[in-house]
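Hi,

Here is the model I said I would pass on. Have a look at it first, and my notes follow below.

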Amino acid sequence: MKELYAPGHRTCAGCGPAVAVRHILDAFGENTVITNSTGCIEVTSSPYPQTSWKLPYLHATFENAASIACGVVEALKQQGKEKVNVLSLGGDGGTVDIGFGALSGAFERRHNFTYVCYDNESYANTGVQCSGSTPFGAWSSTSPVGKKKQGKDRWKKNTAFIMAMHGAEYVATASISNPEDLKRKIKKGLEYEGSKYIHVITPCPIGWKFDSQKTIEYSRLAVDSGMWALFEIDQGEFKITEKPKDLGNVENYITGQGRF
Ligand code: SF4
Ligand code: MG
């Protein structure tokens, strides 16, 4: 496969988001412009004057990757280049919390682009703070575990459903343990004109506190246990795309992770 995300970037060993980006770019192909909000992937891949991006790439701030994508879409339209894919990429912090207003507005206006959230379930880049995507009971540096508190005391935000409620053309969840499924979903979304949303679970050995060799193993356990459901909402129609093999058995998934 041709690499559009060059090696030599500075993510930690076993970084789930870095694995996701390779597959995401493989699915999008060369005819793509990227906007990327602040986050692990951005800080590790684009410290001036170096870059890992072999495609046109715009770094946005935490809150506005989706707005900048809309600007790119409109600029390309003016240039008669409507066949160029526009990918907006953000972590969970930049997507479900800080950048959510821009994302919601872009989908409400039906801009023709795909937003992909790589979800490592915390603000990993700034020291593993709790985000709206951190799961119930997980430690983070702002949801400590001790006598009085047992990690995060709220449920994870269901952002894929929230985006579907915007009337998105296509919404899907994915996992880096199922790369062909991830790529198929991205390509399926690209068949539609309008706003598409893909949410990928991307384990982070630093924030989740597991051995860096086990990134794919935890991605798979998340899917098998049902802790991360794989589905798509295609033109408003909901469909589970893979039945969990061991639904409800979360023990294997959580015991090896220091954050639980
Ligand atoms: Fe990747 Fe986690 Fe390191 Fe961020 S902190 S670069 S998500 S492994
Ligand atoms: Mg994150």
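Ligand 1 has Thr-11, Cys-12, Cys-15, Pro-17, Cys-40, Asn-120, Ala-124, Cys-204, Pro-205 and Ile-206 around it, where being near takes a heavy atom within 4 Å. That shell divides into 8 nonpolar and 2 polar residues, with no charged ones. For the classes, Ala, Val, Leu, Ile, Met, Phe, Trp, Tyr, Cys and Pro count as nonpolar, Asp, Glu, Lys and Arg as charged, and the others, Gly among them, as polar.

Before the rest, some housekeeping. This is a predicted model, so local features need pLDDT of at least 70 and side-chain atom pairs pLDDT 80 or more, while totals for chains, interfaces and linings use all residues. Residues are numbered from 1 along each chain as its sequence is written, chains are lettered from A and ligands numbered from 1 in the order in which they are written, and side-chain values use heavy atoms, with hydrogens and water left out.

Now the sheet. It is open, has 8 strands in the order S2-S1-S3-S4-S6-S5-S7-S8, and its pairing is mixed. Strands (E, at least two residues) and helices (H or I, at least four) are DSSP runs numbered from the N terminus, and two strands pair if DSSP finds at least two bridges between them. S2 (57-59) and S8 (237-242) are the edge strands with a single partner each, so one side of each has no neighbour in the sheet. From one strand to the next, the twist averages 20°; axes are lines fitted to C-alpha atoms, for helices over the stretch in contact, and angles run from 0 to 180 degrees between N-to-C directions.

S1 (residues 32-36) and S3 (residues 85-91) run parallel and are joined by 5 bridges. One of the pairs is Thr-32 with Asn-85 in S3. Helix H1 (residues 16-28) packs on the sheet, touching S1, S3 and S4 (113-119), and its direction makes about 170° with that of S3; contact here means heavy atoms within 4.5 Å. Helix H5 (residues 100-108) also packs on the sheet, against S4 and S6 (195-201), at about 140° to the direction of S6.

I used a 1 Å grid over the protein atoms alone: a cavity is a set of points where a 1.4 Å probe fits but cannot get out, a pocket is an open set with protein on both sides within 12 Å along at least five of seven lines, and lining residues have an atom within 4 Å of a point. Points are joined across faces, edges and corners, and a volume is the space filled by probe spheres set on them.

There are 2 cavities of 30 Å³ or more. The largest holds about 100 Å³ and is lined by 15 residues, with Gly-39, Cys-40, Ser-122, Tyr-123 and Ala-124 nearest its centre. Helix H4 (residues 92-97) gives the most to that lining, 3 residues. The second largest cavity holds about 40 Å³, and its lining has 3 nonpolar, 4 polar and 2 charged residues.

The largest pocket comes to about 560 Å³. Of its 27 lining residues, Glu-121, Pro-135, Lys-156, Met-227 and Trp-228 lie nearest the centre. By class that lining is 14 nonpolar, 8 polar and 5 charged. The second largest pocket is about 310 Å³, and its lining has 7 nonpolar, 3 polar and 7 charged residues.

Cheers
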